[in-house]
Amino acid sequence: MSLVVVLMLFNMLATVSAIVCATRSYRRYGSAGRAVFAGLGGLMILPLLFVLATAVAAPRAARLP
């Protein structure tokens with residue numbers, strides 16, 4: 001997979017995560033400011049899980065000693 005595709009997937013996951021977190025926060029609390037902060041906090045949730053899953057799934061020979 002090329003670097004451009006990986007970066008696009010990373011950005012897509014971050015955007016989806018931010019939208020979901022902001023939407024849920026606004027529905028729950030009804031505050032736009034709180035929803036913005038929840039969206040900013042949600043920017044790294046799904047990409048972080050993706051990076052962790054990729055690191056765990058890497059073959060042992062590819063890991064540094």
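**Ground rules.** I am working with a predicted model, where local features need pLDDT of at least 70, side-chain atom pairs count only at pLDDT 80 or more, and totals for chains, interfaces and linings use all residues. Residues are numbered from 1 along each chain as its sequence is written, and side-chain values use heavy atoms, with hydrogens and water left out.

**Overall layout.** I found three helices and zero strands in the protein, and reading along the sequence gives the pattern α-α-α. Of its 65 residues, 12% count as buried; buried means under 20% relative accessible area, exposed means over 50%, and partly exposed lies in between (1.4 Å probe, protein chains only). The protein exposes about 5,300 Å², and carbon and sulfur atoms supply 74% of that area. Such areas come from the Shrake-Rupley method with a 1.4 Å probe, and for residues only the protein chains shown count as cover.

**Back to Ala-22.** Ala-22 counts as partly exposed because its relative accessibility is 22%. Setting aside neighbours within four places in sequence, I see Ala-22 in contact with Ala-35 and Gly-39, where contact means heavy atoms within 4.5 Å. I also checked Leu-43, which is 21 residues away along the chain: the two C-alpha atoms are separated by 9.9 Å.

**Ser-25.** Is Ser-25 buried or exposed? Ser-25 counts as buried, because its relative accessibility is 8%. I place this residue in helix α1 too. Not counting residues up to four places away in sequence, Ser-25 touches Gly-30, Arg-34, Ala-35 and Ala-38.

**Arg-34 and rings.** The charged end of Arg-34 sits over the ring of Tyr-29, 3.7 Å from the ring's centre. For that I needed NZ of Lys or CZ of Arg within 6 Å of the ring centre and within 35 degrees of the ring normal.

**A nonpolar patch.** Which residues make the nonpolar surface patch of about 810 Å²? I noted Val-5, Leu-9, Met-12, Val-16, Val-20, Ile-45, Leu-46, Leu-48, Leu-49 and Leu-52. Patch residues have over 30% relative accessible area and no salt bridge; nonpolar side chains (Val, Leu, Ile, Met, Phe, Trp, Tyr) are joined within 5 Å, and like charges within 9 Å. A salt bridge is a side-chain nitrogen of Lys or Arg within 4 Å of a carboxyl oxygen of Asp or Glu. Helices α1 (3-29) and α3 (45-57) each supply at least two of the patch residues.

Val-5 is in helix α1, and at 36% relative accessibility Val-5 is partly exposed. Leu-46 lies in helix α3 and is partly exposed at 33%. Beyond neighbours within four places in sequence, Leu-46 is in contact with Leu-13 and Ser-17.

How values were computed:
Helices (H or I, at least four residues) and strands (E, at least two) are DSSP runs, numbered from the N terminus.
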